[in-house]
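Hi there,

Here is the structure I promised to pass on.

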Amino acid sequence: MLGSTISRQLSTPVRRWASTATASSPSSASGLRINSDRLLETLHRTCRWGAAHRYGDDPTETGMARLCLTDDDAKVRRWLIQEAEKLGCTTTIDQMGNLFARQPGSFRSPAPMIAMGSHLDTQPRGGRYDGILGVVAGLEVLRTMQERGFRTLYDIGLVNWTNEEGARFPKSMCSSGVWAGATPIEEAWGLTDIFNPTVTLRSELERHGFLGSVACSSDPAMGYPLGAHFELHIEQGPILEEARKSIGVVCGAQGYRWLTITVTGRDAHTGTTPLAARRDPVLAASKMIVASNAVAKKYSALASTGVMKLPRTSSTNTVASEVTFTLDIRHLQDRVVRAVQDECLETFAAIAREDGRGVSLDWTLDTDSAAVEFDAHCIAAVQDAATHLVGAEQWMKLTSGAGHDSVHTSQHCPTAMIFVPCKEGVSHHPQEYCSPADCTLGAQTLLESVVNYDRRRAEMEQ
Ligand SMILES: [Zn+2]
């Protein structure tokens with residue numbers, strides 16, 4: 001516990017943790033210490049495939065444009081397979097191109113492996129850490145274990161999920177969704193390149209030789225089941241940084257509902273139609289959006305409008321005929337999401353009657369994604385790791401606001417996530433940044449978490 005005692009006395013524990021500890025004095029519970037220089041060097045070296053959007057002079061000061069199954073994505077995938085095989089891992093590619101690299105445990109158990117997973121694909125104007133950190137950190141964990149001759153009890157390994165971003169083939173968390181049975185494989189295979197409708201996800205898998213023979217499924221009878229899934233990821237939000245915490249123990253993901261609201265009024269001359277005689281959908285929709293914000297605040301939920309459409313024929317001196325807008329409602333509890341939806345719709349109905357001769361209102365529910373709670377044992381494994389590494393004061397529980405592959409894996413195997421801070425919460429942007437100290441601490445937390453879970457699993461299964 002030396003490391004955590006020291007950490008708690010320091011004003012900047014993360015940086016000190018990374019710089020004061022040495023390979024000869026491991027403060028970790030496992031006795032293993034990941035190699036920070038190798039982790040960072042590897043991460044930035046892999047970013048040569050897809051580097052884009054330079055913003056500074058340092059070689060690492062670029063963003064990334066490594067869209068799924070482009071030539072650059074294929075290169076980094078081949079590199080990952082080689083590196084995993086150098087460590088003695090067995091590699092398997094399934095029918096969605098998901099890569100599973102597996103290192104045997106001392107039990108030599110045929111039970112599904114404990115996986116460390118994330119994604120190597122990026123947004124077109126993405127950064128160097130989203131997804132990439134999780135995969136490279138998993139590799140660094142395997143390298144550290146191999147170098148020190150450390151064996152987990154159960155098999156352990158790495159997963160690179162195909163098309164997490166959904167930027168080129170528009171479906172996010174695409175292949176973990178197929179693996180989890182949430183998306184039919186034909187639908188995923190049939191997704192077309194947003195720039196070139198003659199190219200499908202399947203044709204790109206074939207072109208690069210990544211259309212594996214193993215079914216993309218968690219079903220042990222035909223697919224590749226997992227014993228657990230741990231994902232290290234940058235937070236992509238400002239909460240950790242603002243709270244000055246080093247690690248987020250992610251306990252689940254928010255539920256969300258997407259609605260499209262259509263407000264219909266009537267075209268009218270703006271100079272000759274008195275306010276009392278109008279049916280003005282823009283006025284009503286604007287009030288509805290303002291009201292949705294107030295309802296969300298009341299429930300400590302989120303409500304957002306990202307799209308608002310007016311007819312192409314709209315003009316300055318005509319009251320518009322119709323407006324549609326989207327409403328994205330999120331909260332960690334499904335019942336709160338539902339309550340916000342109900343109260344918004346009630347309020348919208350009242351607003352529709354408020355001005356002039358009123359407008360009519362219609363709505364559709366486009367997406368309903370239930371809230372997810374991660375596994376209590378996996379969460380405990382991450383909490384213990386975090387407490388040991390930085391002290392109980394330095395980590396906090398979080399709920400993921402964004403979707404991740406872990407949301408899908410959690411439906412079929414025990415899952416948890418680890419968040420590390422990213423500068424100013426910026427992500428999906430070339431200047432996305434996670435400090436070397438935070439990358440290192442995240443990777444060490446990942447290592448300790450899987451070791452903790454491996455031991456717990458042995459206790460539970462015996
Ligand atoms: Zn990601």
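Thr91 has Ala101 of strand 4 as its bridge partner. The two strands involved, strand 3 (residues 90–93) and strand 4 (residues 99–103), run antiparallel and are joined by 4 bridges; strands count as paired if DSSP finds at least two bridges between them. Together strand 3 and strand 4 make a hairpin with 5 residues between them, and Gly97 in the turn has a positive phi of about 80 degrees.

Before you go further, please note that this is a predicted model, in which local features need pLDDT of at least 70 and side-chain atom pairs count only at pLDDT 80 or more, while totals for chains, interfaces and linings use all residues. Residues are numbered from 1 along each chain as its sequence is written.

Now the overall picture. The protein has 14 helices and 18 strands (DSSP runs numbered from the N terminus: H or I of at least four residues for helices, E of at least two for strands). Its radius of gyration is 25 Å, close to the 23 Å that the globule rule gives for 462 residues, so the protein is as compact as a globular protein of that length (the radius is taken over C-alpha atoms, and the rule is 2.2 Å times the number of residues to the power 0.38). Along the principal axes, the C-alpha atoms fill a box of roughly 85 × 55 × 50 Å.

Next, the helix packing. The axes of helix 3 (residues 36–46) and helix 5 (residues 132–147) come within 10 Å and cross at roughly 135 degrees (axes are lines fitted to C-alpha atoms, for helices over the stretch in contact, with angles from 0 to 180 degrees between N-to-C directions). Helix 3 and helix 5 are therefore oblique to each other (under 35 degrees is roughly parallel, over 145 roughly antiparallel, 65 to 115 roughly perpendicular and the rest oblique). Their contact includes Leu39 and Leu43 of helix 3 and Val136 and Ala137 of helix 5 (contact means C-beta atoms, placed from the backbone, within 7 Å).

Helix 3 also packs against helix 14 (residues 436–461), at an angle of about 110 degrees and with the axes 10 Å apart. That makes helix 3 roughly perpendicular to helix 14. Here Ser36, Leu39, Leu40 and Leu43 in helix 3 meet Pro436, Cys439, Thr440 and Ala443 in helix 14.

Helix 14 packs with helix 12 (residues 376–390) too, at about 130 degrees and with the axes 8 Å apart. Helix 12 and helix 14 are therefore oblique to each other. Among the residues in this contact are His377, Cys378 and Ala381 of helix 12, and Leu441, Gln444 and Tyr453 of helix 14.

Best wishes

Terms used. Two residues are in contact if their C-beta atoms, placed from the backbone, lie within 7 Å.
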